[in-house]
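The structure is shown below.

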Amino acid sequence: MDARFNAIYSSPENSIFKVVFFPDRIYHAQYLNATRSDRYRYNVQEVRAYVDIIVLKGEVYLDGGLLCNFLRIEYRAGRLVEQSRERGRLVRESVIAWVRLIPQGGAAPAAESRVKLHYDNWVDAFQVELWGTLEAPANKSHDFSVLDMMGRDRPITRVREFTGLLADVRAIKQVALAFRENDTDLPAGYRIDEQNAGWDNDLVRTHQEPRFPVPSDPRNTVPDGNYLLDFQRGWYLQSPDVTPVRYLNAMMDADNRDRADGNLIEMRWILQREFGGSLVFFHEVAIPPGKVEGTHQHIGSEELYYITEGQGLAYLRVGDDPATGAFPTVERDVFGIGPKDFKELPVKPGSVIYTKSGGMHGIRNNGSVPLKFVAFLYHQ
């Protein structure tokens with residue numbers, strides 16, 4: 001990390017903006033494996049995270065000289081713990097990760113393998129470091145305290161399939177990951193085979209692609225089957241260039257009073273798997289005049305609507321925002337739940353509808369031009 005960063009971070013006039021710089025401050029060298037010996041130094045060049053996962057990539061130096069590139073994976077196993085408990089087991093000292101490295105622009109083929117992660121008290125997570133080589137340079141040797149950590153299924157390891165891509169670690173654009181229980185149940189010692197193992201592969205997460213123009217075509221919903229961390233540093237996008245996915249009677253049951261053959265809305269899925277943190281998507285919704293997006297509840301997620309064009313009526317369940325008490329109360333059919341009482345709220349450009357876990361919302365276009373808004377959804 002550039003030493004000038006410390007001066008920027010610590011200056012009093014920038015104290016309010018420290019949140020901008022915070023993530024680059026948390027990867028202290030003493031938490032990485034080889035720093036148990038002061039002969040080793042890391043240069044962490046990039047960090048990405050999603051929910052329970054952190055991936056770091058960079059360089060390892062031995063006695064002041066570049067030794068190799070590395071990729072470090074940390075995993076806190078919140079979801080895998082539940083998968084294991086459903087099978088009557090506990091996640092203990094180790095888990096197994098399926099790892100796929102995807103290079104920039106297809107310059108080289110992707111590579112994949114499975115690696116074992118070990119629980120580390122220092123970071124309160126399972127972790128492994130994938131090094132480009134475990135061999136010391138000519139006329140040098142590894143420190144014995146670090147050599148003890150090296151080898152197959154050890155915290156510092158080399159994966160033959162990744163050797164070529166780790167030669168240019170900056171060119172690794174994406175890392176796909178899924179995690180399973182260890183192959184041995186401890187302390188009992190019996191094997192956990194592939195079919196019976198608990199997996200955390202982003203559960204039922206999907207993303208949307210405009211593959212077919214038919215409204216609500218299930219082929220536009222693409223199962224992910226893994227986590228994807230993207231190392232691209234920036235995006236410049238034009239919303240009109242994104243082909244929308246069309247939905248008929250979105251989030252409505254068969255007996256919903258708003259259902260109609262022509263009740264179509266469009267969603268431009270601008271960013272989805274590119275996000276880190278806990279964000280699921282950022283999209284732009286267009287609702288034609290007289291059309292409706294069904295009222296629905298959020299559980300374990302939060303969503304924010306920001307109106308950019310048109311006008312309409314938004315619905316928040318009675319009591320979700322106490323400040324809306326003076327607005328009219330109407331009954332709305334809630335997707336999968338049935339009728340509930342809602343506050344009917346006028347919206348226009350600049351209006352914000354923010355719904356936390358447990359809250360309910362929906363929206364209708366009651367104007368003469370399309371009602372457009374952008375929406376963020378993220379795990380709580």
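## Aromatic pairs

Rings of Phe, Tyr and Trp (its six-membered ring) pair if their centres lie within 6.5 Å, and planes under 30 degrees apart count as stacked, over 60 as edge-to-face and the rest as tilted. The structure holds 9 such aromatic pairs. One of them joins W269 and F281 edge-to-face, at 4.9 Å centre to centre with 80° between the planes. Because W269 belongs to strand β14 (residues 264-271) and F281 to strand β15 (residues 279-287), this pair ties together parts 12 residues apart in sequence; strands are DSSP runs of E, at least two residues, numbered from the N terminus. Both W269 and F281 are buried, that is, under 20% relative accessible area with a 1.4 Å probe and protein chains only.

Y305 and F373 form a tilted pair, 4.3 Å centre to centre and 35° between the planes. Y305 lies in strand β17 (residues 301-309) and F373 in strand β23 (residues 371-379), so the pair links parts that are 68 residues apart in sequence.

## Charges over rings

A charge sits over a ring if NZ of Lys or CZ of Arg is within 6 Å of the ring centre and within 35 degrees of the ring normal. The charged end of K57 sits over the ring of F231, 4.3 Å from its centre, while R332 lies over the face of Y315 at 4.2 Å from the ring centre.

## Residue D333

D333, in strand β19 (residues 329-334), counts as buried at 17% relative accessibility. Its side chain makes a polar contact of 3.0 Å with that of R257.

## Basis

The model is predicted, with local features needing pLDDT of at least 70 and side-chain atom pairs counting only at pLDDT 80 or more, whereas totals for chains, interfaces and linings use all residues. Residues are numbered from 1 along each chain as its sequence is written, and side-chain values use heavy atoms, leaving out hydrogens and water. A polar contact is a pair of N or O atoms within 3.5 Å; within protein, one must be able to donate a hydrogen and the other to accept it, and residues adjacent in sequence count only if both atoms are side-chain atoms.

Technical notes. Helix = DSSP H or I, 4+ residues; strand = E, 2+ residues; numbered from the N terminus. Buried < 20%, exposed > 50% of the residue type's maximum accessible area, 1.4 Å probe, protein only.
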